[in-house]
Amino acid sequence: MIEYIPFIITVAYIFIAVILGFFAGKGKNMDNVEEWGVGSRSMGPIMMYLLIGAGGVSAYTFMGSPGWAYSKGVPALYVVVYLTYMAILAWYFGPKVWELGKKYNHVTQSTAISDRYESKVLGGIASIVTSIGVLSYAVIQTTGAAYILNVMSYGLIPTWVGVFLSLGAISIYLYKSGLKAIGVTNAFQGALMLFVSFFVGLWATKQFTGGYSFAPIFERVKEDIPQFLTLPGALGDMNATFWTTSILISFFSIWQTHWIQWMGADSKKSIRRSATLLPTFYVVLVPMIVVGFIGVFMYPNIGTPDQVAIQLAVDTMPAVVAGLLGAGTLAAAMSSSEPCVHATALSYSKDVLQPLFKWDEETTGKWTRRLIFPIMAFIIAPISILEPASLVYILLIGYGFIAQAFPAIIGIFLWPRATKHGAFWGILAGFIITVIFSFVIPHPLDIHAGIWGLAANTVIFVVASFMTQPVSKETIERFFPDMVDELYEDEASPSLRVEIK
């Protein structure tokens, strides 16, 4: 019976999350898009810190990062770098997104794109393209949750059952309470992850070295397997070019999930404060990377690197500690999966289905939260059950699609001359090139496929915008009140620009 204590602790976490999330939206009308989608824009800086931090630190923390440290070495640190860059983007863009959304009642990124470029079609295309990356992330988290339930139950729970258990739990509280459920559960999950990561990392270090310093582990890695501390890593497949461009594509990826979470803040100041503190949350990755290095010496021939931390915990740690790691991993997976499901359902209903079927706001509100079920059942669950390759590579490919919205977002805040034709053809070209360079000719010259797509996207975005007419003066006045006269003065002069019908 003792061997099942870790499993019991892990499953207990699911019940706690369901209870917390279910009652988070008590007394609110969750058929209202504003309530279910952005939580009435009521979250303070601490809630935002844990909401965004826990959403970014995922199953990768407890499975992917030790798995990459075990198999590759320091390439695993790319996540620490890009998450910090994303905090900088949140600090700059977050308050602008919040202000614009509050003023014009935007709830999603694609809604803002539709409004700025006067094109519902463009908003729908942006929603679908970026959702590929968002749903890829949800697949990673669901796969991670299924793994942990399988390992902690000693194989009694098959992976496919674990997939439906984790998604089923999320569906209960996400349907009931929307973004408020995500905020409350992520606050709990974030605190749990911080505690578990350092507790397990320090415990493993104590067992392996006799002390609590990580330094002896890095010294042994340097002496015995120095290739783990330099690029291209132990497997030689992560050279400096690919590592750097993987970070760059992550930097240019403004997630639909983050956009919606920024909308849920109670003020611009709350976003800035939480973004300033976000890098302190991401140190949660470091102890688990150390655990991966320890695994190199303890399990030289492990079959699945992503499971090295879990295997080490089950084999060498007290049952309660192993159970906490299981709960922490499950928390990481669920806290990152639920915003992806929520954001995709919200964007599909507002930016794709509402314009397509001409729904009113009441109908849209009812269908928004219902959409979580087909998204989970027909997209996330089947792909997760197939148990796709390395969790990290799925994430890397996903970022390539999310980044294709970046030029259009620049046109919302910084460039009034941008047109719907430039944004449309740029996103379409970027999407096609990212697909080709992800699956047909993977990452030419070791440059991330998404960077190739973004480069083509940007060039076409700029050229096509200069060749076509800008949006109406009324829209420019709303988005760029200080630049409208200058822009339309320029447009009044003769030009060779061509309007694409």
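**Notebook: charges and one buried threonine**

I looked up Glu 118 and found it partly exposed, because its relative accessibility is 38%. The model I am reading is predicted. Glu 118 sits in the loop between helix H6 (109-117) and helix H7 (120-152). I also found Glu 118 in a surface patch of negative charge, together with Glu 474, Glu 477 and Asp 485.

Next I went to Thr 130, which is in helix H7. Is Thr 130 buried or exposed? I noted a relative accessible area of 4%, so Thr 130 is buried. Leaving out residues up to four places away in sequence, I listed its contacts as Gln 109, Gln 256, Phe 401, Ile 402 and Ala 405.

Then I turned to salt bridges. Side chains of opposite charge can pair when their charged atoms come close. I counted 8 salt bridges in the structure.

One of them joins Asp 31 and Arg 369, with the closest N and O atoms 3.1 Å apart. This pair links distant parts of the chain, 338 residues apart: Asp 31 is in the loop between helix H1 (5-22) and helix H2 (33-38), and Arg 369 is in helix H16 (residues 361-370). I found Asp 31 partly exposed at 28% relative accessibility, whereas Arg 369 is buried at 11%.

I also looked up the salt bridge between Glu 361 and Lys 350, where the closest N and O atoms are 3.1 Å apart. Glu 361 is in helix H16 and Lys 350 in helix H15 (residues 319-357), so this pair ties together parts 11 residues apart in sequence. Glu 361 is partly exposed at 45%, and Lys 350 is buried at 13%.

Conventions
Residues numbered from 1 in each chain as written. Predicted model: local features only at pLDDT ≥ 70, side-chain atom pairs only at ≥ 80, totals over all residues. Heavy atoms only, no water. Patch = residues over 30% accessible without salt bridge, like charges linked within 9 Å, V, L, I, M, F, W, Y side chains within 5 Å. Areas by Shrake-Rupley, 256 points an atom, 1.4 Å probe, with all protein chains shown as cover. Salt bridge = Lys/Arg side-chain N within 4 Å of Asp/Glu carboxyl O. Lys, Arg positive; Asp, Glu negative; His and termini not counted. Charge placed at Lys NZ, Arg CZ, Asp CG, Glu CD. Helix = DSSP H or I, 4+ residues; strand = E, 2+ residues; numbered from the N terminus. Buried < 20%, exposed > 50% of the residue type's maximum accessible area, 1.4 Å probe, protein only. Contact = heavy atoms within 4.5 Å.
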